[in-house]
Amino acid sequence: MRRLSRKKALNFVKELDAFPKVPESYVETSATGGTVSLVAFTAMALLAFFEFFVYRDTWMKYEYEVDKDFSSKLRINIDITVAMRCQFVGADVLDLAETMVASDGLQYEPVRSISLSPQQRLWHRTLLLVQNRLREEHSLQDVIFKSVMKGGPTALPPREDDPTQPLNACRIHGHLYVNKVAGNFHITVGKAIPHPRGHAHLAALVSHETYNFSHRIDHLSFGEEIPGILNPLDGTEKVCTDHNQMFQYFITIVPTKLETYKVSADTHQYSVTERERVINHAAGSHGVSGIFMKYDVSSLRVLVTEQHMPLWQFLVRLCGIIGGIFSTTGMLHGLVGFCVDVVCCRFKLGVYNSPVPLAEKHPQNIMLPPPCLTVGTVFLGS
């Protein structure tokens, strides 16, 4: 009884076989079928090879949410060189609440000039080229996000100053912590002097003829500083055409949470609009000479996450490639063969030119019916 039940179970399993086996004696091979098979196998191998690289690649996913962090401080990272002596300029921040932020984190370093050495100029041109490509191709930012790493080559190469030149320029670099509200970071003539109604700059002792706010922004970022990330104002260089000239940068800051396989950081992206004009009170152009960066913080937060194709999806796509090519080439081969048989039968070409008795090729008494009536069918007689 046990053997009988096992045999029934085995027969039941055989009936469920979705892959029936055809005996080798019933299978006919041809040169055209072999050629199509080679083409199909080659296409399968190539597409599977390229699909593997797609599986290894990653992409950036962008999500947006309301920024609920109002209590934390916003860090401003600054590295600007101005074509004036350090004792003649001052930098500070004034926020929307008319609160003056302490600028103790900034350092004033006297340098020879704002001009660059040949090595630095080559670096600067490369940086500007990348910046121009970023403005045209926004998808390039994804490549930068994925390639960030500690110690990325985004800093200006070491300066090679001529010791015989005087120290006529000032490099202002460091960082500040400000409230997450709109504010104004500015560099103008004279050191800042705070008072109850705001602040002022002591500029009475500086001659107007010495005003020169030509400058180069080597780095300006907000939030955690991540080497390898390029910011819109990095590499910006402006040259004054008049002593009394104002440069304005209107910046919109977007908090960003960056999660990649190499780094996880809370940083900030920003967009900027530039404007410059000559101060001429007689012509109605009022203001103060200097460099003004007016920034505002967006209420939205961007979550940038690096995504990877899961293994199961890769296997599904691979099966689709192999099965799709196999089925498609099989159908095309059958369709082309059928069309060739119909044309040859219609115009009596090739083997359809005259019916040949099968007995001339085989010893059995088997005759083929007329070819045009039996395309794709063989009748066997006794």
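## Cysteines and the disulfide

The sulfur of C344 is 8.8 Å from the closest cysteine sulfur, that of C345, which is too far for a bond, given that a disulfide is defined here as a pair of cysteine sulfur atoms within 2.5 Å. This is a predicted model, in which local features need pLDDT of at least 70 and side-chain atom pairs count only at pLDDT 80 or more, whereas totals for chains, interfaces and linings use all residues. Residues are numbered from 1 along each chain as its sequence is written, and side-chain values use heavy atoms, with hydrogens and water left out.

By the disulfide rule the count comes to one, and the bond is formed by C86 and C170, whose sulfur atoms lie 2.2 Å apart. The torsion about the S-S bond of C86 and C170 is about 105°, so the disulfide is right-handed. C86 lies in the loop between β2 (73-82) and β3 (89-95) and C170 in strand β6 (residues 169-179), so the pair ties together parts that are 84 residues apart in sequence; helices (H or I, at least four residues) and strands (E, at least two) are DSSP runs, numbered from the N terminus.

Accessibility is described in three classes: buried is under 20% relative accessible area, exposed is over 50%, and partly exposed is in between (1.4 Å probe, protein chains only). C86 is buried at 11%, and C170 is buried at 0%. C344 also counts as buried, with 19% relative accessibility, while C319 is exposed at 57%.

## Confidence of the model

The protein averages a pLDDT (the predictor's confidence in each residue, from 0 to 100) of 80, and 82% of the residues score at least 70. Confidence is lowest in strand β9 (residues 198-202), with a mean of 68, and highest in strand β14 (residues 290-297), at 93. Over residues 373-382 pLDDT stays under 50, and for this stretch the model has nine contacts beyond four places in sequence, a contact being heavy atoms within 4.5 Å.

## Overall composition

The protein contains five helices and 15 strands, and buried residues make up 33% of its 382 residues. Among contacts between residues at least 6 apart in sequence, 80% join residues at least 24 apart. The accessible surface comes to about 24,300 Å², of which 62% belongs to carbon and sulfur atoms; accessible areas come from the Shrake-Rupley method with a 1.4 Å probe, and for residues only the protein chains shown count as cover.

## A nonpolar surface patch

L46, L47, F49, F50, F52 and F53 form a nonpolar patch on the surface, with about 600 Å² of accessible area together. Patches are made of residues with over 30% relative accessible area and no salt bridge, with like charges joined within 9 Å and nonpolar side chains (Val, Leu, Ile, Met, Phe, Trp, Tyr) within 5 Å; a salt bridge is a side-chain nitrogen of Lys or Arg within 4 Å of a carboxyl oxygen of Asp or Glu.

Y177 is located in strand β6 and is partly exposed, with a relative accessible area of 47%. Leaving aside neighbours within four places in sequence, Y177 is in contact with K73, L74, R75 and V101; the C-alpha atoms of Y177 and V101, which are 76 residues apart along the chain, are separated by 7.9 Å.

P166 is found in the loop between α4 (140-146) and β6 and is partly exposed at 46%.
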